[in-house]
Amino acid sequence: MEISCQQGKGYTLVTPSGVGTPDDVEVLNAVLLESLAEGQDAVLCDVTCAGEPAEVRHALVDAVLAAAGRIRGWPGALLVAVGPEPVQAAGELPAEVAVAPRVADAVRMVAAYPRARTAEQLLEPLLRAPTLARAFLRSTLAGWGVERFSDDALLVVDELVANAVLHAGTEIQLRLAFAGNRLGVAVADRSSHRPTLENADGAAERGRGLLLVDAVATAWHVLPRHGGGKVVRAVLVAVPATIDVGETTASTAS
């Protein structure tokens, strides 16, 4: 199977063609994740594959759904499976997945989809990188008027950037995305080292980073990058401020 990728306005079109095998389905899943990892939050996958058996097309749709599971909750993320059969067979879909009968329909869908606000900063793998990343985060959140994310977002940025400095030693890309009540924090590098969630005992000085990220993030995931490397992404959801009924009543009475 051959897989081609074409860039459009605000999206990547991924088109598999030819005879497919189970291994090709895994390759397609990786290509979809790589496209999403590079900041292209809308990805179209044309699984029409004229002449292919229906079961192959269904397997390709499963690859799209599997990719969606790895980006759950990311602000502005959208995967569109294109083809007449996926529309009939997809059933209940995650929020990040849509179906369209034709590529033109999918492109219109992307144009109408709410886009996230984004900001990026490149960092050198130096000890001061976390400090620069925190300053960039504060400035960006203030500019967007969403300082309510600051405490948790500062923790996530600090941990992920420090981890990249320690283990990757390559140029680091920090990307922020905001839509609705969700903030996405992504830290990309060119290292093959993949972070793992490990328990740290009370005396451990290291190993707590991802435990803290896991504690404050609604979801986090690791995606492969085209050309090697990875991006670690975390999603934060702002909780609306609660009103103390007792205090409100007392204030009204006074």
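Guide: Buried means under 20% relative accessible area, exposed means over 50%, and partly exposed is in between, with a 1.4 Å probe and protein chains only. The count for β7 is eight buried residues of eight. The model is predicted, so local features need pLDDT of at least 70 and side-chain atom pairs count only at pLDDT 80 or more, while totals for chains, interfaces and linings use all residues. Residues are numbered from 1 along each chain as its sequence is written, and side-chain values use heavy atoms, with hydrogens and water left out.

The strand belongs to an open sheet of five strands, ordered β6-β7-β8-β10-β9 with antiparallel pairing. The edge positions are taken by β6 (117-123) and β9 (219-224), each of which has a single partner strand, so one side of each is left without a neighbour in the sheet. From one strand to the next, the twist averages 15 degrees. Strands here are DSSP runs of E with at least two residues, helices are runs of H or I with at least four, and both are numbered from the N terminus. Two strands count as paired if DSSP finds at least two bridges between them. In general, the strands of a sheet pair through backbone hydrogen bonds, either parallel or antiparallel.

On one side, β7 (residues 172-179) pairs with β6 in the antiparallel sense over seven bridges. Within this pairing, Ile 172 of β7 is the bridge partner of Leu 123, and Arg 175 in β7 stands opposite Glu 120. The side chains of Glu 120 and Arg 175 also meet in a salt bridge, at 3.4 Å from N to O. Glu 120 lies in β6 and Arg 175 in β7, so this pair ties together parts that are 55 residues apart in sequence. A salt bridge is a side-chain nitrogen of Lys or Arg within 4 Å of a carboxyl oxygen of Asp or Glu. Arg 175 counts as buried at 8% relative accessibility, whereas Glu 120 is partly exposed, with a relative accessible area of 46%.

The hairpin of β7 and β8 has two residues between the strands, and Gly 180 takes a positive phi near 65 degrees in it.

Two helices lie across this part of the sheet. Helix α5 (residues 129-144) lies across β6, β7 and β8 (182-189) and runs at about 160 degrees to β6. Helix α6 (residues 150-167) lies across β6, β7, β8 and β10 (230-237), at about 10 degrees to β8. These angles run from 0 to 180 degrees between N-to-C directions, with axes as lines fitted to C-alpha atoms, for helices over the stretch in contact. Contact means heavy atoms within 4.5 Å.

Asp 189 forms a salt bridge with Lys 230, the closest N and O atoms being 2.8 Å apart. Lys 230 lies in β10 and Asp 189 in β8, so the pair ties together parts that are 41 residues apart in sequence. Both residues are buried. A polar atom of the Asp 189 side chain also lies 2.9 Å from the backbone nitrogen of Ser 191. Leaving aside residues up to four places away in sequence, Asp 189 touches several others, including Ala 164, Thr 170, Arg 225 and Gly 228.

For context, a search of the whole structure finds five salt bridges. Among them is the one between Arg 108 and Asp 105, whose closest N and O atoms are 2.5 Å apart. Both residues lie in helix α4 (residues 103-112), three residues apart, about one turn of the helix. Arg 102, Asp 105 and Arg 108 are linked in a network of salt bridges.

Methods
Polar contact = N/O pair within 3.5 Å; in protein donor to acceptor, adjacent residues only side chain to side chain.
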